[in-house]
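This report covers a cavity, a sheet and a set of salt bridges, in that order.

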Amino acid sequence: MSLKMKWIIAVILIVLLLVVGWFLGTRLTVKKYEVSSAKIDQEIKIVQLSDLHFSEFGNKNEKLVDKVVALQPDVITITGDLFDRQGDSVPKELIEKLTKIAPVYYSPGNHEYDVKGAYESDYKPFLEKMGVVNLEDKTATIDVNGQKFQMSGLRSSAKLDYDYPYYKEGLAEIKSQQDSAYYQVLLSHMPDYFELYVENGFDLTLSGHTHGGIVRIPYTNIGAIAPGPQRVILPDYVYGKHTKDGKTMIISAGLGAGSFNQKAFPRLGNPYEIVAVTIKPETK
């Protein structure tokens with residue numbers, strides 16, 4: 001085989017990989033996980049949405065809403081970047097629909113704080129009006145058909161270079177509100193500090209922010225990049241399920257970034273994602 005022919009084949013393969021990767025990155029998918037605990041006697045079904053960034057799936061997000069309805073969640077969680085500079089009409093319309101499906105619990109991301117003053121003056125009052133529980137360095141005790149557990153949320157920041165002291169302050173506030181007898185769920189937009197979440201006893205952490213690594217090897221947890229503290233190529237905490245010392249963190253690939261109207265780098269091999277987590281009693 002001539003060198004020219006080898007180059008032609010190589011170019012064709014690269015183009016095919018890019019086409020397949022782009023196609024995978026345009027789909028809206030549901031990723032299901034199961035975790036178990038001795039603290040749980042009855043199943044709890046949680047749907048996690050993250051990093052909307054003004055995205056719409058179908059007319060007025062009807063495809064997204066239909067998929068959430070089909071999952072029959074006991075609780076819906078939103079792990080940040082629901083709002084950003086592109087506007088608030090899409091996220092507000094989505095919230096109005098989600099609150100009719102199940103109780104909604106929310107923890108802010110960096111982009112909420114990136115819109116000067118809007119988070120405090122507009123977004124927070126709107127969420128409260130709609131009945132969304134804003135877990136900003138707070139803990140809520142939740143009852144699902146008699147099964148009680150606790151869910152907490154960490155605040156975030158528009159700056160992406162903050163480190164442990166920032167989180168330790170928020171976690172200390174949360175710890176003062178907790179009862180360790182309950183199963184503990186943490187909503188934290190940033191997945192970077194999984195070890196810190198484990199040290200603080202959270203059984204399950206739901207996170208986002210990384211957008212699945214933007215470019216990801218399909219059907220793996222390997223993503224190329226992550227904004228924020230993980231300023232490395234192929235970061236450790238970019239997507240999927242991670243475990244340490246019996247604790248779990250699930251990082252959603254999220255619902256935004258990569259669309260043409262966002263003027264962002266296209267997602268490759270990295271579908272938009274709804275996360276569905278079932279917490280089950282531990283098998284004896």
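## The cavity and its lining

Leu49, Ser50, Asp51, Leu52, Ile78, Leu82, Leu94, Leu98 and Leu255 line the largest cavity. A lining residue has an atom within 4 Å of a cavity point; a cavity is a set of points, on a 1 Å grid over the protein atoms alone, where a 1.4 Å probe fits but cannot get out. By class, seven lining residues are nonpolar, one is polar and one is charged. Here Ala, Val, Leu, Ile, Met, Phe, Trp, Tyr, Cys and Pro count as nonpolar, Asp, Glu, Lys and Arg as charged, and the others, Gly among them, as polar.

The largest cavity holds about 40 Å³ of space. The structure has one cavity of 30 Å³ or more. Volume is the space filled by probe spheres set on the points, with grid points joined across faces, edges and corners.

## Basis of the values

The model is predicted: local features need pLDDT of at least 70, side-chain atom pairs count only at pLDDT 80 or more, and totals for chains, interfaces and linings use all residues. Residues are numbered from 1 along each chain as its sequence is written, and side-chain values use heavy atoms, with hydrogens and water left out.

## The six-stranded sheet

Six strands form an open sheet with mixed pairing, in the order β6-β7-β8-β9-β11-β10. β6 (138–144) and β10 (240–244) are the edge strands; each has a single partner, so one side of each lacks a neighbour in the sheet. From one strand to the next, the twist averages 20°. Axes are lines fitted to C-alpha atoms, for helices over the stretch in contact, and angles run from 0 to 180 degrees between N-to-C directions. Strands (E, at least two residues) and helices (H or I, at least four) are DSSP runs, numbered from the N terminus. Two strands pair if DSSP finds at least two bridges between them.

β6 and β7 (residues 147–153) run antiparallel, joined by seven bridges. Alanine 140 stands opposite methionine 151 in β7. The hairpin of β6 and β7 has two residues between the strands, and asparagine 145 takes a positive phi near 50° there.

In one of them, lysine 124 meets glutamate 136, with the closest N and O atoms 3.2 Å apart. Lysine 124 lies in helix α4 (residues 118–129) and glutamate 136 in the loop between β5 (133–134) and β6, so the pair ties together parts 12 residues apart in sequence.

Arginine 155 and aspartate 137 also form a salt bridge (2.2 Å, N to O). Both arginine 155 and aspartate 137 are buried, meaning under 20% relative accessible area, with exposed over 50% and partly exposed in between (1.4 Å probe, protein chains only).

Aspartate 203 pairs with lysine 247 in a salt bridge, the closest N and O atoms being 3.1 Å apart. Aspartate 203 sits in the loop between α6 (194–199) and β9 (204–207) and lysine 247 in strand β11 (residues 247–251), so the pair ties together parts 44 residues apart in sequence. Aspartate 203 and lysine 247 are both buried. Elsewhere, salt bridges that share partners join Glu34, Glu43 and Lys280 into one network.

Note on methods: Salt bridge = Lys/Arg side-chain N within 4 Å of Asp/Glu carboxyl O. 1 Å grid on protein atoms, 1.4 Å probe; cavity = no way out; pocket = protein on both sides within 12 Å on 5 of 7 lines; lining within 4 Å.
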